[in-house]
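Here is a friendly walk through one chain, from its overall layout down to a few individual side chains. Please have your viewer open as you read.

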Amino acid sequence: MKAHPLSRRARVLVPAVAAALLAATTAACDSDTTSEGTSSSVRTLTPDHSEHEESPSEEQSPDAEQSPRTQQSFAASVSAETERVRQEAVKRLDGVEGRGNAVADVSVSGLPVAASEEVRSARVRVTNPTDEPAFYAVKVEFVDAEDKVLDTVVVGVEDAPPGRTVDAQANSRKAAGVKTFPRVAQAERG
């Protein structure tokens, strides 16, 4: 059976047309905003940080006060939240007799350190065996080779999901620079 002359041309033209479309699409997606074809929604800042409007009909951009939080403010809020949870854990451990009701739910392991690090860290793993989210208060001791306690750190884990394991970190500045071994001193679920 002999192929129709138009179908032969179509087989040759289809790849050529596809390549041309691909090249045109790639050129259209170029992110160079300095060309004359700058979108009317793009704003540029001059070296004195004043705004230059590309089009008089576009809306004003939000003020700096309305912009998303900076990394510094985000870090501060995370630090404040971590401290709030830690303080809650300290309160919960205050009245605990013995080692607590959740020692079996918690494990700790030392994290590798470099000689230049100013803290000694341990990974605290909490497994919630219950059917409800739970708050865990964990007291971690950093001990040396002679079993002397160099530092005690309290960590809180809020809303540990049921049937799941979550990680937290205990950090000690007092145990920095010394080979230490972390251990669970107390753990309370409540």
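## Layout of the chain

Helices (H or I, at least four residues) and strands (E, at least two) are DSSP runs, numbered from the N terminus. By that rule, the chain holds two helices and eight strands, and their order from the N terminus is α-β-β-α-β-β-β-β-β-β.

A word on the model: it is predicted, so local features need pLDDT of at least 70 and side-chain atom pairs count only at pLDDT 80 or more, while totals for chains, interfaces and linings use all residues. Residues are numbered from 1 along each chain as its sequence is written, and side-chain values use heavy atoms, with hydrogens and water left out.

## Surface and contacts

Of the 190 residues in the chain, 23% are buried, where buried means under 20% relative accessible area, exposed over 50%, and partly exposed in between (1.4 Å probe, protein chains only). The chain exposes about 13,500 Å², with carbon and sulfur atoms supplying 54% of it; these areas come from the Shrake-Rupley method with a 1.4 Å probe, and for residues only the protein chains shown count as cover.

Contact here means heavy atoms within 4.5 Å. Among contacts in the chain with a separation of 6 or more, 61% link residues 24 or more positions apart.

## Two nonpolar cores

A nonpolar core is a set of buried Ala, Val, Leu, Ile, Met, Phe, Trp, Tyr and Cys residues joined through side-chain atoms within 4.5 Å. The largest one has 19 residues, and Val-124, Tyr-136 and Phe-142 are among those with the most contacts inside it. Strands S4 (120-127), S5 (134-143), S6 (149-160), S7 and S8 each supply at least two residues of this core, and S5 gives the most, with five residues. A second, separate core of seven residues includes Val-85, Leu-93, Ala-137 and Val-154.

Beyond residues up to four places away in sequence, Val-124 touches several others, including Val-106, Val-138 and Ala-170.

Thr-180 sits in the loop between strand S7 (165-172) and S8. Is Thr-180 buried or exposed? Thr-180 is buried, because its relative accessible area is 2%. Its side chain makes a polar contact of 2.9 Å with that of Arg-120; such a contact is a pair of N or O atoms within 3.5 Å, where within protein one must be able to donate a hydrogen and the other to accept it, and residues adjacent in sequence count only if both atoms are side-chain atoms.

Glu-188 belongs to strand S8 (residues 181-189). A polar atom of the Glu-188 side chain lies 3.1 Å from the backbone nitrogen of Asn-101.
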